[in-house]
Every structure is written in structure tokens, then in C-alpha cells.
Amino acid sequence: MPDKITKAIVVGASSGIGAAIGERLVTQGAQVALLARREEELYALCNRINEHRGEDLALPVVHDVRERKTIPGLFQDITTRLGGLDAIFFTAGVMPHVEPDEYSTDKDALMIEVNTIGAMAWFNEASKRFERLNKGRIVGISSIAGDRGRRRNPAYSTSKAAMNTYLESLRNRLGVKGVSVTTIKPGFVDTAMTKGMSGLLWMISPEKAAGKIVRAAEKKKNTAYVPGQWRLVGTIIRSIPSFLFKRLNI
Ligand SMILES: NC(=O)c1ccc[n+]([C@@H]2O[C@H](COP(=O)([O-])OP(=O)(O)OC[C@H]3O[C@@H](n4cnc5c(N)ncnc54)[C@H](OP(=O)(O)O)[C@@H]3O)[C@@H](O)[C@H]2O)c1
């Protein structure tokens with residue numbers, strides 16, 4: 001039986017996949033700090049989860065991952081309030097709409113700052129703690145979009161490819177110290193991020209995605225495609241030679 005997670009941090013938890021991961025963990029009896037910028041959404045979510053559970057297990061923490069300097073202190077404060085930490089999930093992410101002929105450094109910088117640097121900043125704090133304790137779980141929500149450089153949103157693909165490589169490096173550093181590092185590559189999940197997009201293949205609910213993500217973390221998987229059938233697609237997409245891939249509109 002995989003170990004249950006009892007104390008966790010979810011960064012980017014006011015909506016979508018992160019909110020569903022938080023709810024899932026609390027349903028399993030874990031104490032969870034849920035972080036994001038939107039205070040009203042975060043408090044409403046935590047109140048609903050705690051009322052449903054009948055005890056205060058969800059702790060709302062308002063935070064913008066771009067405020068990097070606050071992260072070491074906030075990490076310490078949260079681990080003290082939780083009385084420990086088993087796992088960190090980084091789900092915060094942005095994907096602004098980018099026109100096919102648009103090249104915006106501001107949008108690109110935002111995606112790298114939130115999706116990549118934000119993840120590194122939180123994972124660095126968790127790595128220091130988990131390495132010292134020889135245990136813990138680090139989980140990054142990447143994307144199938146990081147498996148290749150897609151034409152639709154170059155910086156988004158880049159932000160997720162960077163996260164994949166970063167997590168692989170952390171896994172190689174920390175695996176020998178008893179810390180698991182899991183890269184999650186979701187396909188399409190029905191959240192604010194995919195709102196208004198039509199014809200998306202194998203779309204699943206955030207709750208279903210959260211169940212699979214928490215299970216992958218509990219089983220200490222290296223990489224999990226969510227749902228699993230995307231693994232085959234990812235393998236095929238990664239093996240297409242560049243001279244063919246650049247002709248495909250994906
Ligand atoms: N939906 C999909 O099909 C899909 C597929 C593959 C991967 N993903 C990835 O899954 C993750 C979750 O996305 P989602 O689909 O659940 O969309 P979502 O509902 O828009 O969730 C994004 C979360 O990130 C938080 N966030 C954004 N900027 C932040 C910042 N500066 N500081 C702190 N938190 C911030 C948002 O909270 P606030 O706005 O309150 O800060 C929100 O809680 C993302 O990393 C996304 O790239 C999604």
C-alpha cells in the first residue's frame with residue numbers, strides 16, 4: 001500500500017486542478033495549505049471543504065508566486081502551522097491567449113515567471129527540507145504541451161519543458177535521499193484554462209485529474225500522463241522527426 005499524504009502544500013489552488021487536488025487530499029484526511037492570489041475564491045473553497053469535512057483541515061494562504069522573496073519565510077510559516085510536511089504540489093500556471101502571429105515578450109515573461117520560476121522557488125524550499133529529512137514528495141503539474149515545441153504558444157511549451165527538465169534533475173539529486181519527484185503531464189482538463197476551446201480530445205474533469213495526480217504522488221511515480229492514454233501520444237509526438245513535426249499544425 002502506498003503511503004498516504006497527511007500534510008501538504010498546494011500552490012495554485014483557488015480553482016481548477018489545484019483546488020481539486022486540495023479537496024481530494026482533505027477528503028482523505030490530510031491537512032492542506034492552499035495558496036493562490038484570489039482571496040475570495042480561496043477562502044470560499046476552504047470554507048466549503050472544511051464544512052463538508054467537519055473539521056478545519058484546509059488552510060487558505062493568499063500568495064502570488066511572483067513574490068519570490070516571500071517564499072522562504074512563507075514556506076517555514078506554513079510547515080510550522082501544519083506541524084510538518086509530506087508533499088508539495090505546484091499547480092499554479094498561466095496560459096494567456098497568443099495569436100498565431102503574435103510575439104509578446106510580456107506574455108512570455110509572465111508564463112516563465114509563474115509556471116517555471118514560481119515552481120523552482122517553491123521546490124527549492126521543499127528540496128532543502130526533504131533532503132534534510134530523507135523523505136517527502138515533490139509534484140509538478142507540467143503538461144503534454146511541454147513534450148515538444150508547439151506552434152500555438154511557444155513560451156507555454158517552453159515553460160513546461162523547462163519544468164520537466166528541472167524536475168528530472170531534482171529527481172536525480174533527491175531520489176537517492178528518499179525523496180520522490182513526480183512530473184505530471186495532463187492532457188485536456190475542463191478548467192478556466194481550457195474554457196471556450198472546442199474539440200479537445202479526451203477532456204476530463206479536474207476532480208478526475210486530481211484523483212489520478214494524488215495517486216501518482218502516493219505511488220511515487222517518476223512521470224504520470226493524466227489520463228494515462230496520453231503516454232502513447234506523448235511517445236509518438238516526441239519521436240516525430242523535426243522535418244515532419246514542423247509541418248503538423250499541433
Ligand atoms: N486545463 C488543462 O487542460 C491543463 C492541461 C495541462 C496542464 N495544465 C496545467 O495545470 C495547472 C492548473 O491549471 P488549471 O487548468 O487548473 O487552470 P486554472 O483553473 O486557471 O488554475 C490556475 C491556478 O494557478 C493560480 N495562479 C495563477 N497565477 C498565479 C500566481 N501568480 N501566483 C499564485 N497562483 C497563481 C490560479 O490562482 P489565482 O488566479 O487565484 O492566483 C489558479 O489557482 C497549470 O499549471 C496548467 O498549466 C492544465
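In this predicted model, a backbone N or O atom of Thr91 lies 3.1 Å from an oxygen atom of the ligand. A backbone N or O atom of Ala92 is placed 3.5 Å from an oxygen atom of the ligand, and a polar backbone atom of Gly93 stands 3.3 Å from a ligand oxygen. Considered alone, the ligand exposes 870 Å², of which the protein buries 95%. Two elements give two or more residues to the shell around the ligand, namely helix H1 (16-27) and helix H5 (154-174). In total, 31 residues surround the ligand, and the closest are Ser14, Arg37, Tyr156, Val189 and Thr191. Sorted by class, this shell holds 14 nonpolar, 12 polar and five charged residues.

Attention now turns to the pockets of the protein. Rolling a probe the size of a water molecule over the atoms shows where empty space is left. The second largest pocket contains about 220 Å³ of space. Its lining includes His97, Val98, Glu99, Pro100, Glu102 and Tyr103. Arg151, Arg152, Pro154, Asn249 and Ile250 also line this second largest pocket. By class, five residues of the lining are nonpolar, two are polar and four are charged.

Charged side chains were examined next. Side chains of opposite charge can pair when their charged atoms come close. Across the whole structure, the search finds 10 salt bridges. One of these joins the side chains of Arg81 and Asp77, with an N to O distance of 3.8 Å. The pair counts as a salt bridge because the side-chain nitrogen of Arg lies within 4 Å of a carboxyl oxygen of Asp. Both Arg81 and Asp77 belong to helix H3 (residues 71-82), where they are four residues apart, about one turn of the helix.

Two features of the backbone complete the description. The peptide bond from Val226 to Pro227 is cis, and its omega is near -5°. Pro227 is located in the loop between strand S7 (223-226) and helix H7 (230-239).

Terms used:
Residues numbered from 1 in each chain as written. Predicted model: local features only at pLDDT ≥ 70, side-chain atom pairs only at ≥ 80, totals over all residues. Heavy atoms only, no water. Near = heavy atom within 4 Å. Polar contact = N/O pair within 3.5 Å; in protein donor to acceptor, adjacent residues only side chain to side chain. Areas by Shrake-Rupley, 256 points an atom, 1.4 Å probe, with all protein chains shown as cover. Nonpolar A, V, L, I, M, F, W, Y, C, P; charged D, E, K, R; others polar. 1 Å grid on protein atoms, 1.4 Å probe; cavity = no way out; pocket = protein on both sides within 12 Å on 5 of 7 lines; lining within 4 Å. Points joined across faces, edges and corners; volume = space filled by probe spheres on them.
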